[in-house]
Amino acid sequence: MNLSGLRYEGPIYRPPSETNSLLIQTTIGCPWNKCTFCMVYKNGPKFKIRPVEEIKEDLLWAKKNYLFPIETVFFPSGNSIIMKTDDFVEILIYTKKLYPNLKRITIYGSSQYIVKKGLKDIKRLADAGLSRIHVGLESGSDVVLKNVCKGSTSDIQIEAGEIVKKSDVELSEYVVLGLGGKKHSKQHISETIKILNIINPDFIRIRTFLPKINTPILNEIDSGSFKILSPHEVLKETYDLIKGLKVTSQVLSDHYTNYIQVKGRLPEDKDVMLKSIDQSLKKDKNVFRKIYIGTE
Ligand code: SF4
């Protein structure tokens, strides 16, 4: 088949750390697509897994046409982990054959699908070249996870985290500050601390809840059942989260939704991080971004 370029369908999201990566879609859409705060695939496309041959054609096209060095590959879309293990192993091996000097191959994967795959299969993916999984932990609180329809519980999140770590695949966990609203803020943070301390991921990535268009949570905001945290309340959550963590993880807040950038390695940078959050807590609310309805 003569391709004129890489083929993409639907929204293509990738972690900021994958800015320079080659992006090849293995799946389209999200098989879950029910999280009440997530707008990414709410207007489609319907979830599907791309045929292995089609993915290989795209990889080969990139190899022949991109003359700059490719060091990392990211396979969108949401939840590429769901692909059949045999098929994904074939793609990983093919990718490594085309790019023998790759430094990293990364995907998104929700905890429920990681648990479904199990340790043996995740290890097979690791042996074939998968090096990092980004997981939307969002919260460690079962109440919050249920409210936002995440499709997992704290037990599933812990099990998934342990499977990834045992497989020697790097684990990047996302936490969404403010996701419990005012009502569940305390529980959101204390339970998130609890399970992150058990999992001890390689990376903890902080995001801040920002309502997005086309999301079910907007109805809760309209009805008043979900109350959005103020910037200072979010900063307090940030402070409590960092203070409570007893992990050996890299903390990043590499996202536009955050009010401040909190970055460092735990435990060694904890005091510096807490100090900087404390300084921000003293600032006037007008210096922080406004609360608005996001479109991206
Ligand atoms: S947050 Fe992730 S799992 Fe949830 S609907 Fe969005 S892409 Fe799917």
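In this predicted model, 8 strands line up into an open sheet, and their order is β1-β4-β5-β6-β7-β8-β9-β10. The pairing within this sheet is mixed. Its edges are formed by β1 and β10 (264-265), each of which pairs on one side only.

The side chain of Ser131 comes to 2.6 Å from the backbone nitrogen of Ile105. Leaving aside residues up to four places away in sequence, Ser131 touches Lys103, Arg104, Ile105, Val169 and Glu170.

Helix α1 (residues 52-65) has 14 residues and reaches 20 Å from its first C-alpha to its last, close to the 20 Å expected at 1.5 Å a residue. Its buried residues are Val52, Ile55, Lys56, Asp58, Leu59, Trp61 and Ala62. An α-helix has 3.6 residues a turn, so residues three or four places apart point the same way. The buried residues of α1 pack against β1 (22-23), β4 (72-75) and α2 (85-98).

Helix α8 (residues 231-244) also has 14 residues; at 1.5 Å a residue they should span 20 Å, which agrees with the 20 Å between its end C-alpha atoms. This helix lies across β7, β8 and β9, running at about 145 degrees to β7. Pro231, Val234, Leu235, Glu237, Thr238, Leu241, Ile242 and Gly244 are its buried residues. Their cover includes the strands β7 (170-177), β8 (203-208) and β9 (250-252), together with the helices α6 (185-199) and α9 (270-281).

In soluble globular proteins, nonpolar side chains tend to be buried together. In this model, the largest nonpolar core holds 65 residues, and the members that touch the most others are Leu22, Leu59, Phe75, Ile114, Ile133, Leu241 and Ile242. Leu59, for instance, touches Leu22, Ile24, Phe75, Ile91, Tyr94, Thr95, Leu98 and Tyr99, not counting residues up to four places away in sequence. A second, separate core has 9 residues, among them Cys35, Val176, Leu179 and Phe209.

A few backbone details complete the picture. Most residues other than glycine have a negative phi, and most peptide bonds are trans. The bond from Pro76 to Ser77, however, is cis, with omega near 10 degrees; Ser77 lies in the loop between β4 and α2. Another cis peptide bond joins Leu266 and Pro267, with omega about 5 degrees, and Pro267 belongs to the loop between β10 and α9. Positive phi values are found at Asn79, near 70 degrees, and at Asp168, near 65 degrees. Asn79 is in the loop between β4 and α2 and counts as buried because its relative accessibility is 5%. Asp168 is in the loop between α5 (154-166) and β7, and at 71% relative accessibility this residue counts as exposed.

Note on methods:
Residues numbered from 1 in each chain as written. Predicted model: local features only at pLDDT ≥ 70, side-chain atom pairs only at ≥ 80, totals over all residues. Heavy atoms only, no water. Core = buried A, V, L, I, M, F, W, Y, C linked by side-chain atoms within 4.5 Å. Buried < 20%, exposed > 50% of the residue type's maximum accessible area, 1.4 Å probe, protein only. Contact = heavy atoms within 4.5 Å. Helix = DSSP H or I, 4+ residues; strand = E, 2+ residues; numbered from the N terminus. Expected span 1.5 Å × (residues − 1). Polar contact = N/O pair within 3.5 Å; in protein donor to acceptor, adjacent residues only side chain to side chain. Pairing = 2+ DSSP bridges. Axes fitted to C-alpha atoms, helices over the stretch in contact; angles between N-to-C directions.
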